[in-house]
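Dear colleague,

I am passing on the structure below, followed by some notes on what was found in it. Please read them alongside the coordinates.

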Amino acid sequence: MDIRITGASQNTLRHISLTLPAGKMIALMGPSGSGKSTLAYDTLFAESRRRFLDCLSPGARRLLARPEKPQVESIDGLPPALCLEQNLPPGRSRTVLGSLTEALDYLRIIYAAAGVPHDPQTGERLTRLSPEEIVAALAAAPEGTRLTLLAPLAPSFGREPESDILLLRKSGYLRVRVEGEIRDLEELEAAPPAEGTPCELVVDRIVRRAGAESRLADSVQAALRICPDELRALVQEPGGEPRLHCHHTRYRNESTGFTLPDLTPGLFSHFSPRGACPQCEGLGTVEGKGGAVSLCPACRGMRLNPTALAVTLDFGGQEWNLGSFCDLSVEQNRAMLDSLVLPPAFRHSLQQVCHELRVRLDCLLELGLGYLSLSRAANTLSGGELQRARLAGQIGGGLSGVLYILDEPTIGLHPRETDLLIGALKRLRDKGNTLLVVEHDPQLLRAADWLVEMGPGSGAQGGEIMAEGTYADFLQNADSPTGAWLSGRRTLPEPEPRDVETCPWATLEHARARNLRDVEFRFPLGAFTCLAGPGGSGKSTLVHECLLPAFKSGQLRGAESLARAVVVDQSPLGSSPRSTPATAVGLLDVLRPLYAALPLSRQRGYTAGRFSLNVRGGRCERCGGTGLLQVDMNFLADLYTECDACRGARYNRETLEVTWRGKSIAQALAQTVDQALEFFAPIPGAVALLQAMHDLGLGYLPLDRSVTTLSGGEAQRIKLAMHLAKANPKRGSKPGEKLLFILDEPGTGLHFGELDLLMRAVFRLRAAGHTIICIEHNQAILSCADYLVEMGPGSGANGGSITHAGPPPRA
């Protein structure tokens with residue numbers, strides 16, 4: 001059944017109605033802020049979550065805050081929705097790639113069932129016997145051997161001697177061995193042993209002869225019911241003295257006495273107190289002086305306790321514990337899995353478990369994540385890596401009839417990796433699922449079954465359905481802005497031809513970090529250089545771990561003319577609801593002194609700190625300056641509602657009484673970038689920042705919007721705008737000062753029209769004499785470069801080399 005949406009008016013949506021075909025891959029595109037996320041997340045996903053809560057019992061619903069119904073007249077045919085997001089809560093986390101994809105769950109089962117334990121102290125292999133093996137060992141004694149089977153009693157035996165002895169009598173037993181002497185129960189009634197005295201129950205006395213095997217097996221089972229861990233036997237061969245033999249059913253080191261409980265999956269979980277390293281509590285890192293975080297010395301970052309790390313599996317003659325195995329790359333894991341040696345008793349029972357593990361590793365490989373390790377902390381993954389890892393888990397999970405919502409899954413992907421992603425998405429679709437993908441990548445748009453374009457602009461200028469149909473329909477649609485780009489009727493601005501051979505050059509020599517293979521990286525100064533290649537090929541390592549440190553230490557040969565480096569990467573703008581575009585770009589640093597200098601502020605003694613949201617004084621203390629109140633949803637994600645004290649203004653009443661040109665600071669920040677650009681026209685410092693945001697297509701963005709609600713494209717352009725404004729001589733750069741700009745995938749989340757604005761900004765930087773190095777996969781941006789460097793040929797150990805360097809091919 002198709003998903004029919006009628007009258008959606010959430011946020012900036014303009015009462016739109018549309019039908020999304022079920023069981024198809026649907027691409028949702030349009031400018032940033034045009035309403036794509038509002039439709040996908042704030043309408044469809046929010047309504048699906050609300051309906052899920054309605055299915056809970058009345059008692060359960062009373063414990064949860066009821067989320068508001070999205071502003072939509074009706075949604076028919078909406079299946080359960082899953083949102084594969086690109087973010088995790090900040091800070092240290094126990095979540096790793098293996099747990100995201102469930103691969104670690106299956107590895108725990110395999111290690112618990114077939115793992116070989118060792119003594120954590122000595123490294124000696126631990127042994128144990130099954131009941132059948134104990135019977136076989138006793139039955140191997142010479143004929144005529146007298147066997148006395150003993151079951152150790154608990155140390156508490158003798159605490160209440162009358163009831164203890166009565167219980168043994170009722171079970172049919174007659175004798176107990178006390179400190180090496182066998183005594184009748186009648187004797188013990190008269191002189192019971194003290195509590196803690198070593199005592200063993202005499203279960204049976206058997207003479208080894210033909211036909212006694214069945215009785216021996218029954219008696220062994222009876223003894224193990226009393227003491228499951230150990231059976232003792234007095235063995236007296238014909239003509240010999242009795243000798244005590246101990247048979248352990250739990251893992252034990254005979255030389256040291258170290259005993260290990262049964263192996264269970266919980267022992268191999270760093271989420272469980274039983275399996276986690278006691279020093280770092282499963283985090284893999286410990287916090288030292290001054291909050292510095294370092295690798296845990298106890299587990300060496302493997303997160304598990306010594307007992308769990310002493311259990312190994314045989315992979316083609318090499319023994320690996322779970323921590324070491326997970327520290328390898330997924331590509332290595334998959335190759336080693338085919339050489340796993342399992343005991344014959346477990347081969348059939350673990351066959352399905354091994355199959356499920358292979359499926360998840362294969363999904364990670366197909367999604368271009370083979371260079372990662374299963375132990376990689378999830379909060380260190382890029383947004384694209386995190387989303388693809390979650391996608392791998394869903395493909396392996398086998399759900400059907402679900403609406404999957406994905407946000408820019410092609411982020412960080414080389415074109416050949418995008419092809420693999422598309423194949424994975426099609427397999428998920430073919431299981432009977434509907435996929436709604438917010439995306440602009442031409443490769444994925446071509447592969448989609450149905451396309452929906454929103455626009456025409458951003459913010460208040462967006463919220464409409466501009467066009468919908470197949471990819472072929474869009475190529476012919478003269479009213480579709482995206483169709484004009486896809487068909488080639490519109491193209492990015494042509495860069496002015498630049499002969500890089502006439503430019504001065506900078507050279508980075510002997511780059512060897514991580515997988516880099518003694519790389520020499522040359523790039524022209526005053527030009528636009530792009531660095532491309534598969535994910536994990538070494539691009540970020542080359543720039544962030546080699547180039548920038550060399551530049552800062554003065555070891556980048558030929559870069560003496562560059563004054564400083566400016567990095568625009570994908571790190572979050574902030575995790576607090578107090579953070580806004582105004583704070584991120586530095587606009588509040590200009591406005592706080594402005595409002596503090598007004599007559600009413602001087603009269604009341606207000607300083608610039610009065611207009612800060614991060615300190616007490618001027619902010620609303622009810623919400624802490626966020627404008628929102630957090631509602632705990634227990635096992636669901638927390639909800640935020642407008643503060644009932646300040647009504648979302650963030651400041652208290654006294655602070656809001658100070659106005660400039662008729663607006664309080666809260667009212668001034670409630671404006672969009674374009675509105676504020678006109679309002680603050682007399683303030684040059686504010687104009688420089690706002691103009692940079694406007695030039696990057698962010699004119700629609702409210703200045704007080706929480707950064708936690710921004711799309712990836714919006715957040716990246718805010719950071720770029722801040723640095724563009726700082727690069728302006730009026731905003732901190734000295735006249736004639738030449739800078740090195742490092743851009744890390746600036747095309748992330750951008751529509752074609754926004755790419756146009758981005759490239760014009762880059763060309764302005766180049767025209768001013770600055771040097772730009774850009775890590776990028778977007779083919780449109782790469783074609784605009786003056787100089788293109790390709791890294792590879794593969795990922796991880798298969799990358800780390802420069803495979804091509806030179807001007808890009810021109811159309």
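A disulfide here is a pair of cysteine sulfur atoms within 2.5 Å, and by that criterion the structure holds 0 of them. Cysteine 246 is in no disulfide, its nearest cysteine sulfur being that of cysteine 227, 10 Å away. Cysteine 296 is likewise in no disulfide, although the sulfur of cysteine 299 lies 3.7 Å away.

This is a predicted model, in which local features need pLDDT of at least 70 and side-chain atom pairs count only at pLDDT 80 or more, while totals for chains, interfaces and linings use all residues. Residues are numbered from 1 along each chain as its sequence is written, and side-chain values use heavy atoms, with hydrogens and water left out.

As to exposure, where buried means under 20% relative accessible area, exposed over 50% and partly exposed in between (1.4 Å probe, protein chains only), cysteine 246 is partly exposed at 36%, whereas cysteine 296 is buried at 1%.

Leucine 13 is also buried, with a relative accessible area of 5%, and sits in the loop between strand 1 (3-8) and strand 2 (16-20), strands being DSSP runs of E, at least two residues long, numbered from the N terminus. Leaving aside residues up to four places away in sequence, leucine 13 touches Ala8, Gly35, Thr38, Leu39, Thr43, Met454 and Gly463, contact meaning heavy atoms within 4.5 Å. The C-alpha atoms of leucine 13 and alanine 670, which are 657 residues apart along the chain, are separated by 19 Å.

Best regards

Key:
Helices (H or I, at least four residues) and strands (E, at least two) are DSSP runs, numbered from the N terminus.
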